[in-house]
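Here is a short briefing to read alongside the coordinates. Please keep the viewer open as you go through the points.

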Amino acid sequence: MSIKGSNESPIQRVLVIDDNKDTTELLEDFFESEDIECIVINEGRKGLEEIRKDKGHYDLILLDLTIPEFSGWDIFKKLKEENLLESKNIIIFTASTKTNNGIDELIKEGAKYVLKKPFSLEELRKITKL
Amino acid sequence: MICSISLISYIGLENFTKTMRLEIVNELRLIAINLMDKLSRQLFERTADIAFLSTNNILSNQNITLFDKMNYLRSMERAVKAYSYISIYDKKGLKIGDTRNILIGKNDSKEPFFQQALKGNIYHDSTPKMSQAFNQYVIQFSAPIYGKDRQIQGVVVSGYPINKINDIFSKIITPQKQININSNPIKIDLVTNNGTVIYSNNDRKSILQTKPELQKLILENDIFDKNPSNNELRHNIINNEIIVGTAQGNGYLDYKGSGWSLILRENADTIFSDIQKIANQFIIAAAIIIVISIIIILLIARNISLPISKLMEKTIELGKGDYNSEIKVKSSDEIGDLSIKFENMRKEINKVNSNLNKLVEERTIELKEANFDLKLKEENLHKLNKELIMADVAKEEFMSMISHELKTPLVPARGYLEMLLRQKKIGELNEKQKRFIDIIYRNILKVEYLVNDVLDVYKLDIGKLKLSKKLVNIGHLTDSIENDLRLLTNDKHIKLNFEIVVDKNDYIYCDQKRIEQVFSNLIKNSIDFVPDDFGKIDIKVEISSDKSFVKFSVKDNGPGIPVNEVDNLFQKFYQIDTSSTRKHGGTGLGLVICKGIVEAHGGKIWIYKEYDKGACFIFTLPLVNDKVQEM
């Protein structure tokens, strides 16, 4: 796994897109405790806009698949269409009952990692090598 | 039929008239032959007379004077009433005597009659010669005169004037002679082949005149029969006359020569009109017969074919399915019988048919009802199917939602507990606080397991447990399992024994994560029951002797499973009531999930009942053979 920052330079900025405020708050607190800037967006469209605007500021993008109206799936598909996946370090988390196949597909499409809910912070720490 | 009768009649008639004509021609010819025969005999008799004279003692007797001899001959001539003359020649051809006393001393030694007689032949001319003495045509007969020493002494000659032949001929031909069917006399001409008419009953003036047209007629029309032995009828019809000829020629007046022709002529019209009359009568008779035959045939046909055609009509109606119209054919013969029997048959069929129709109607109604029911059922089934599909979709949505809704809250709960326990920045917790949080954390994990297990069981139930199968080397699989299980049992005083007897080339086609799940479920199960201080779990992996499957067994030294509980173990939420020994706090779904996963892989899972020292779970998975591997 090669997540930007883990090998070259430490992770400085993280974007979290999730509608669940408790989860985002946890992630904010977690990253804060690690001295990492964490920006949270609770809506899908806004999240997509933020990623589009991003010019390499975010070292990590955490994307929840299940967001009302404009879901993480939709964002992922748009990014794929716009060829923006290559340059991004996207970690997807999902509670989806989708099979391993689904996860494999996401990895194949360009996601760096898929975290299955409920994930532990330990797991997140491991994959981001914090 | 009428046509053929007419044709046969016509042919018969044709043959009849043809035969009749031939008969007539034949008869004409017979007449001709007969006449010629009679003439020939008359003339030949004359030759015989000469021969008799020549051998008679009188003519060769030297003692009788020539004068006496001539007188004798004269008297003899009168006796036979032959109006001719007789001459006597000496050996040198000099005429020495003549019954008319003329031309005595004339030398005829060069004449054929003299030459022939000297050779000993009896001779006559085939063609008449002009006699200056008689001033008319004469046929000469000659014979040698023999002496006592049988030497030829001289020649005797008799002349027969043609007009005398004419006399003979007139006598031969009976003027009243008629052909049966003909009332007119036949025209008869006797002609020498150089055209001299010797006799004619129709043109008296032509007698003894030479007529080239007759000669032409003989030669050109082939009535001159050169070879009578062919026995052919030679005839011709010229200028509406049937001409029949027969000829006599060289030497004697027999039928072999070429000197004479007898021509018979008959008017063809007359003769054939008679035949025609007969033929016409025949035609009329035939026509009457035909008409009568036709009438008879029609009468018979009426009696036979009318009933038959009526019967046939009825049969066709019957064939078309009209069993109601009665069959009545008036006929006293077999056809009548047949129609009566046919009518009986029709009645029977009608009876059977009406019964059948009734039956068919009943069955049709039943079928319609059944069909209606079926349609209703089909509609219901269709509806049900739709509902089931919808229910399926709903179930999946429900599952997805439950999954999300149950798992999402666990994330912050678990995360914050982790932070409390590990983040030193937050501040140290006292031991009590730590213990409480630890308990909360453990229970959150239980909920997490439960949620996962419930979802798995649910997926199994609705058949949505999807497997991501790959070819997995058994060695790799067991290594991975060994690592996982050691992690699970690390902090417990449990002895794990692995006995793995596999080939490096053995593969199974499976979802590795799920198989690992089966193992971890079984181990978790065992961990719950083995004694705390000397727990022991034996794991054995072996390949079946026929290399068709791989067998996994998990054996522990726990209390074992009561025999009466064995069958219930694979049921949902079933747990052996040993609450006191529960340590791990299983969901009661683990074995159900194991069973589902193993069976989804085409394997079997069971509990080894005979093992009484603890529990022994066994499951098998099919081994992939080499060929599939290569694929």
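The buried residues of helix α13(B) pack against α10 (431-461), α12 (512-529), β17 (604-607) and β18 (616-624) of chain B. This is a predicted model, in which local features need pLDDT of at least 70, side-chain atom pairs count only at pLDDT 80 or more, and totals for chains, interfaces and linings use all residues. Residues are numbered from 1 along each chain as its sequence is written, while chains are lettered from A and ligands numbered from 1 in the order in which they are written.

**Helix α13 of chain B**

- α13(B) spans residues 590-600 and is mostly covered, with nine of its 11 residues buried. Buried here means that 20 or more other C-beta atoms lie within 10 Å of a residue's own; 12 or fewer makes it exposed, anything in between partly exposed, and C-beta atoms are placed from the backbone.
- Among the buried residues are Leu591(B), Val592(B), Ile593(B), Ile597(B) and Val598(B), and also Lys595(B).
- After α13(B) comes Gly602(B), with a positive phi near 80°.
- Helices (H or I, at least four residues) and strands (E, at least two) are DSSP runs, numbered from the N terminus.

**Chain B overall and its cores**

- Chain B contains 14 helices and 18 strands, and 27% of its 631 residues are buried.
- Of the contacts in chain B with a separation of 6 or more, 63% come from residues 24 or more positions apart. A contact means that two C-beta atoms, placed from the backbone, lie within 7 Å.
- The largest nonpolar core has 54 residues, and Leu28(B), Ala32(B), Val156(B), Leu262(B) and Leu264(B) have the most contacts inside it. Such a core is a set of buried Ala, Val, Leu, Ile, Met, Phe, Trp, Tyr and Cys residues joined through C-beta atoms within 7 Å.
- Helix α1 (residues 2-55) of chain B gives the most to this core, namely 11 residues.
- Domain 1 (2-162) and domain 2 (168-273) of chain B each provide at least three residues of this core; the bounds come from an automatic or database domain assignment.
- Which residues touch Ala32(B), leaving aside its neighbours within four places in sequence? They are Val244(B), Gly245(B), Thr246(B), Leu262(B) and Leu264(B).
- A second, separate core has 39 residues, including Leu477(B), Leu485(B), Leu522(B) and Phe552(B).

**Chain A and its helix α1**

- Chain A has five helices and five strands, which run β-α-β-α-β-α-β-α-β-α from the N terminus on.
- Buried residues account for 41% of its 130 residues.
- Helix α1(A) (residues 21-33) has 13 residues and reaches 18 Å from first C-alpha to last, close to the 18 Å expected at 1.5 Å a residue; the expected span is 1.5 Å times one less than the number of residues.
- Its buried residues are Thr23(A), Thr24(A), Leu26(A), Leu27(A), Phe30(A) and Phe31(A). Why do they share one side of α1(A)? Because they cover an arc of only 155° around the axis, the arc being that of the directions from the helix axis to the C-beta atoms.
- On the other side of α1(A), Lys21(A) and Glu32(A) are exposed.
- The buried residues of α1(A) pack against β1 (13-17), β2 (37-41), β3 (60-64) and α5 (121-128) of chain A, together with α9 (410-422) of chain B.

**Where the chains meet**

- In the contact between the chains, 21 residues of chain A meet 22 residues of chain B.
- α1, α4 (100-109) and α5 of chain A each supply at least two residues of the side of chain A that touches chain B, and the largest share, seven residues, comes from α1(A).
- By class, this side of chain A has six nonpolar, 10 polar and five charged residues. Ala, Val, Leu, Ile, Met, Phe, Trp, Tyr, Cys and Pro count as nonpolar, Asp, Glu, Lys and Arg as charged, and the others, Gly among them, as polar.

**Backbone points to check**

- Most residues other than glycine have a negative phi, and most peptide bonds are trans.
- Asp35(A) is not a glycine, yet has a positive phi of about 65°. Asp35(A) sits in the loop between α1 and β2 of chain A and is exposed, with 10 other C-beta atoms within 10 Å.
- Leu103(B) has a positive phi near 55°, lies in the loop between β2 (95-98) and α4 (112-118) of chain B, and is exposed, with 12 other C-beta atoms within 10 Å.
- The peptide bond from Lys117(A) to Pro118(A) is cis, with omega near -5°, and Pro118(A) lies in the loop between β5 (113-116) and α5 of chain A.
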